[in-house]
Amino acid sequence: MVWSGHLALGALRAPGLGTWPGWLRGSGPTVLRRLRGAAVVRPGFLSSVEEETLRRELEPELRRRRYEYDHWDAAIHGFRETEKSHWSEASQAILQRVRVAAFPPALAQLPMVHVLDLHQNGYIKPHVDSIKFCGGIIAGLSLLSPSVMRLIDTQDPQEWLELLLEPGSLYILRGPARYDFSHQILRDEESFFGEHRVPRGRRISVICRSFPEGEPGPSSR
Ligand SMILES: O=C(O)CCC(=O)C(=O)O
Ligand SMILES: [Fe+2]
Ligand SMILES: [Mn+2]
């Protein structure tokens, strides 16, 4: 049995089941309890002006690169990416909002922001971010296309949670959602949230991460 929010007809955004909002659906009450506060989606985190600000800043940098398909063992297929440290003032203000929303004030964060452009036929296979390069918190903005992120318990594949990521949404993975579950972005053919088809177009994500634990943090942050 699948526990989920109840989707309004014709709309992806949905009222929740109890205290669980409709942009999360999972295999059962256990997974919902375990990941409460650990896997978070905030739909409409960005205003349409903010979305456009990020898109316009990123588009010229991304367009210079080619989509990559040929890494047979890589988690991500059909993508181009960049690590970006210099941002316009308007974008810095947006990223600052993300940092405040996702990270406790004292936690060291990676200064470079990861920008990932997934082609409409691109997808991300299940993986857990390497603890060498990423600390305990991952926070991602989604632009352009909706998508479904699926989390699966690495010890028990029957336990899963799906996040509906609309353009302008912010997701946060921490604690068990970051370490005990793999995450993936479904390819277009498999992109459903419950019975609702979520057509996958090109998607840009802007991802902030905390500093790897046990690594010396950057001195001036
Ligand atoms: O595109 C995203 O939101 C997630 C990307 C991801 O999982 C990664 O780069 O490790
Ligand atoms: Fe990842
Ligand atoms: Mn990556």
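A: We can begin with how to read the model and then go through its parts.

A: This is a predicted model, in which local features need pLDDT of at least 70 and side-chain atom pairs count only at pLDDT 80 or more, while totals for chains, interfaces and linings use all residues. Residues are numbered from 1 along each chain as its sequence is written, and chains are lettered from A and ligands numbered from 1 in the order in which they are written.

Q: How many helices and strands does the chain have?

A: The chain has four helices and 13 strands, where helices (H or I, at least four residues) and strands (E, at least two) are DSSP runs numbered from the N terminus.

Q: And what percentage of the residues is buried?

A: Of the 221 residues in the chain, 35% are buried. A residue is called buried if 20 or more other C-beta atoms lie within 10 Å of its own, exposed if 12 or fewer, and partly exposed in between, with the C-beta atoms placed from the backbone.

Q: OK, helix α3 next: what is its span?

A: Helix α3 covers residues 89-102, and its 14 residues reach 20 Å from the first C-alpha to the last, close to the 20 Å expected at 1.5 Å a residue. The expected span is 1.5 Å times one less than the number of residues.

Q: Which residues of α3 are buried, and where do they lie around the helix?

A: Ile94, Val98 and Ala102 are buried in α3. Seen down the axis of α3, these buried residues fall within an arc of 65°, so they line one face of the helix; the arc is that of the directions from the helix axis to the C-beta atoms. An α-helix has 3.6 residues a turn, so residues three or four places apart point the same way. On the other side of α3, the exposed residues are Glu89, Gln92, Ala93, Gln96 and Val100.

Q: What do the buried ones pack against?

A: The buried residues of α3 pack against α2 (48-63), β6 (137-143), β9 (170-174) and β13. Contact here is a matter of C-beta atoms, placed from the backbone, lying within 7 Å of each other.

Q: Switching to β6, which strands pair with it?

A: β6 pairs with β9 in the antiparallel sense over five bridges, and six bridges join β6 to β13, also running antiparallel; strands pair if DSSP finds at least two bridges between them. Ala139 stands opposite Ile172 in β9, and Gly140 stands opposite Ile207 in β13.

Q: Last topic: which residues surround ligand 1?

A: Ligand 1 is surrounded by His114, Leu116, Ile124, Asp129, Gly140, His183, Ile185, Ser205 and Ile207, where a residue is near a molecule if its C-beta atom, placed from the backbone, lies within 6 Å of it. The largest share of this shell, three residues, comes from β5.

Methods
Contact = placed C-beta atoms within 7 Å.
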